[in-house]
Amino acid sequence: MTFRTRLLLIFTLAVVASVGVVEWLVQGATRREFERMDAARSDALVMQFRKEFDRRSQEVVSAVEGIGRSDTALNIAISPDPTSFYSEAGALAAAHGLDLLELVAGDGAIVSSAEWPARFGYHEDWLLEHGDWAEGQAFLRRAELPDGVTLALAAVSTVAAGDSKLFVVGGQQLDQAFLSTLVLPDGMRALLYRSLQPAFAAEQMLGPGPRSASLQALVEDTLARKRERYRVLGTGADAESFHALPLAGYDGAPLGVLLIASSRRGLAELESKQLRYGIEVAAFGILMGVALGAWATARVTRPVERLARSATAVAAGNWDTTVEVTSGDEIGRLALAFNRMTEELTAQRERLVQAERVAAWRELARRLAHELKNPLFPLQITVENMQRARSQYPEQFDEVFREGAQTLLAELGNLKQIVARFSDFAKMPAPEMQPVDFNRLVGQTMKLFEPQLAKAGIAATQELDPAAPAVMADPEQMTRALRNLILNAIDAMPQGGTLTVRTRRMSAGLRLEVADTGQGLTPEECGRLFTPYYSTKTHGTGLGLAIVQSVVSDHHGRISVASAPGKGATFQIDLAAEAGD
Amino acid sequence: MCSRWLAVSKHCNVLWDRPPGLSTASRRQARRPVPLLILLALAASAPAATRPHYGGVLRVEVRQNIESVDPPDTGPGLADLIGAFSITRWEAGRRASYAADDGAPGGRPFLDAVEVQMGRPLRDQSIDLEVGKAEVVELGPGDARRGAAGRRMWVSAPVRIVALVFGPRVEDARIREGLALAVDRTAILNVLLQKQGEISAALLPQWISGYAFLFQSSADLAKARTMIAAAATAARNLSIGVEDASFRAMADRVALNARDAGLAVTAAAPASAADVRLVEVQVVSSEPARALAGIAAALGLAVPPRMDSVEALYNAERAMLDGFRVVPLFHLPAVYGAAPRVRGATGISPLGQWKFENVWLEGGRP
């Protein structure tokens, strides 16, 4: 992955992440705001319910106290036989707008009941258990009806006449009609659960709208904990937030639950819109990010790419490469540094070349001195012998002269040969490429060395790959290189051995191997083997393998040696099929 | 008037002079004269000093919708009009008109005519009496107790039997007996009936049979609960119906008592076939055997062939009530209210039969 791609990806991811974070923050803020508004609306509705509750309470209290103050109530209270009043409650309840009314004697026995006339004589023990009833207060209570139990907002008034007492217990049912008095905003609904039975009863849930099973759990939880609960029920657009308020009776026991439900459809739709807008903004942001990223990364990476190209050129040997400095920022400073670096590298290379050249000349001088010193010393001795023989032994001078002249000629021949080798190394021409059949070349070359190999006691072996391809090469230079390798192998096997020359077809060209079974080379010797004028032998110029390396290099090939002490050496020349193109 | 009282009184005293098979205490109670009759006699003697007037139409209202002009379906009073009055118009279930019969055996009645309006609720009857739209109306317990200025009240002996009758669907006798034991008759008598009438678990009233007190009428809620709890759950759901709306409150109280005992009793629609019906049966005779036969016929019970002794009568009645298919609750009097302008003798007999031949209206023809 390129630097530009990575930069582009980072840029795009940054944009997407930013949009996502903003979307998340906006959604969170929206949700909090919605829930705050929802809570405010619920609180308002709860307040409205409480006001309505208080108003109804006041109505009930007024009605009950009115009945308590009536002559009828007093007559019943003082009557020694109140049984004749058993039907009074119905008329009184109707006259005072009460749904429920019971006239209860001081002993707790019902004298008359509006809601259940047949209950006369039954006892309302809770009235006596509670003790004194505070006037002017209403409370919730379960009231029994012929067809079941209902939840009522009730009040008690006590009529005392001497030793006699009468309880007036009146109330209004908390039913659908009560709920319908609440003014509900759009999207809200109020439900009233009347806890009239030990277990949850769905039919006691008053109010509009669906009732899910989870509503039952909320009601039961509220009744159990006896405190306000909040829960979101449902999912998506059908979700509703429920505020559940327990409604307690006079003894604190929860008798009902008021449920204020607020639809979350608005929130869901808002969130859906936000999500859609978010996606659109994100998509636009991504596109913009990609475009801006491409532009920005191009601006950032272009000088870097120029630097990279320049570095590649330097690595390829073009050391005088420079980078255009277009800015004064970090990249510009980097380009300046690069240019300084290449300038210093060039200078260092020139200094190194200079030093190497001097070293080469010194080495050449050393080798020349060494090579020339060997034949010069016999020359000097021979001449000195001839001079000594002429002055001291004139009678032997002729013989000494003849032998001396032969020696002088031989050493002069050596000098000429040394000079010729240096001359050859210096005159290495450019190769003239043509298709070369190396199997044939190997055969011809090996034929030349047959007498020499036989004399040295060396067995020659050719392992030629018939599939070896023809390779573009200079046959004369390659013959010279092969000859040097064969001579090198002969020199490595003074006690005789086996010389093996192989050709092998490679995937991209040809491999030529010359292996001997001589004493081998150390790793250090292997490292220096191709250095000019380096030789492990006591004779020779040290130019043979250097010439081979020079030829192989001119053919864009590669030469290597594999060897270990005592195990011979194998030289490998790899040539590309299109070598020299 | 005195002869009428004496006839009733003699009838009551003579009937069970020595009721066989009863204990001493029972005989003492059986001999006890009916105080209500004494009141009736005293009430009847008061207007005798007033000079009778001829003429006028006596407007009478009743609760029942009488469908047939022929006895015994003519109700408590209509049949007794025949003799002194002759029928001139009959609209079944709505109204009937009777004209004075000049050739009546006891002489022409003082009234010119009697108009009977049927199917009139008790409450409306009371209002009609107050506003002068009727001269004679039936009174409910509350109205009877309250009374009104100048209003006359005719009260018979307890001749109306109020009973629970179980339908064939209620097969479990434990349910029937349980309900019989659950009903708090005392509360109903004291409150709903305003102490009018008698608590009884017998078919024949005490004043006729003399042994009615032998039938247990007290409630035993604990025993009722035990018996009902032993019955199948499905059998504990009952419906109760009334033939007369004036008994609705009583039926509600019975349902409440039944609920306390473990039954679920719901009110049935008037026209529906309820599991239990709260019915009223009229005693048609003061003669015990005839009275029991009439009651049995009205309740659909089998009538024993021979009831010529007290034991036989008692056993017959006991047999009728075995199994609790019929559970008598009360014996109630017939109570009529008469407008102040109605004068003359008491307009009903101890059996609640109409006796309008000795009644006249003030302001009738001079």
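How many residues of chain A are in contact with residues of chain B? Ten residues of chain A touch ten residues of chain B, where a contact is a pair of residues whose C-beta atoms, placed from the backbone, lie within 7 Å. On the chain A side, five of these residues are nonpolar, four are polar and one is charged. In this grouping Ala, Val, Leu, Ile, Met, Phe, Trp, Tyr, Cys and Pro count as nonpolar, Asp, Glu, Lys and Arg as charged, and the others, Gly among them, as polar.

The model described here is predicted, so local features need pLDDT of at least 70 and side-chain atom pairs count only at pLDDT 80 or more, while totals for chains, interfaces and linings use all residues. Residues are numbered from 1 along each chain as its sequence is written, with chains lettered from A and ligands numbered from 1 in the order in which they are written.

Chain A contains 14 helices and 17 strands, and chain B contains 13 helices and 13 strands; helices (H or I, at least four residues) and strands (E, at least two) are DSSP runs, numbered from the N terminus. Of the 581 residues in chain A, 29% are buried, and of the 366 residues in chain B, 44% are buried. A residue is called buried if 20 or more other C-beta atoms lie within 10 Å of its own, exposed if 12 or fewer, and partly exposed in between, with C-beta atoms placed from the backbone. Among contacts with a separation of 6 or more, residues 24 or more positions apart account for 63% in chain A and 72% in chain B.

An α-helix has 3.6 residues a turn, so residues three or four places apart point the same way. After H3(A) comes Gly97(A), with a positive phi near 70°.

Chain A also holds an open sheet of five strands in the order S7-S6-S10-S9-S8, with antiparallel pairing; two strands pair if DSSP finds at least two bridges between them. Strands S7 (205-206) and S8 (229-233) of chain A stand at the edges with a single partner strand each, so one side of each has no neighbour in the sheet. H1(A) packs on the sheet, touching S6 (188-194), S9 and S10 of chain A, and its direction makes about 140° with that of S10(A). Such angles run from 0 to 180 degrees between N-to-C directions, and axes are lines fitted to C-alpha atoms, for helices over the stretch in contact. Helix H6 (residues 213-225) of chain A lies across S6, S8, S9 and S10 of chain A, at about 170° to S8(A). Within the sheet, S9 (residues 240-248) and S10 (residues 254-263) of chain A run antiparallel and are joined by nine bridges; Glu240(A), for instance, has Ser263(A) in S10(A) as its bridge partner.

The largest nonpolar core has 160 residues, and Val168(A) and Leu259(A) have the most contacts inside it. A nonpolar core is a set of buried Ala, Val, Leu, Ile, Met, Phe, Trp, Tyr and Cys residues joined through C-beta atoms within 7 Å. Leaving aside residues up to four places away in sequence, Val168(A) touches residues including Val64(A), Ile67(A), Leu103(A) and Val156(A).

In chain B, strand S6 (residues 152-166) is mostly covered, with 13 of its 15 residues buried. Eleven bridges join S6(B) to the antiparallel strand S11 (residues 326-338) of chain B, where Val335(B) is the bridge partner of Val155(B). S6(B) also pairs in the antiparallel sense with S10 (residues 276-282) of chain B over seven bridges, and there Arg160(B) has Gln282(B) as its bridge partner.

Note on methods: Contact = placed C-beta atoms within 7 Å.
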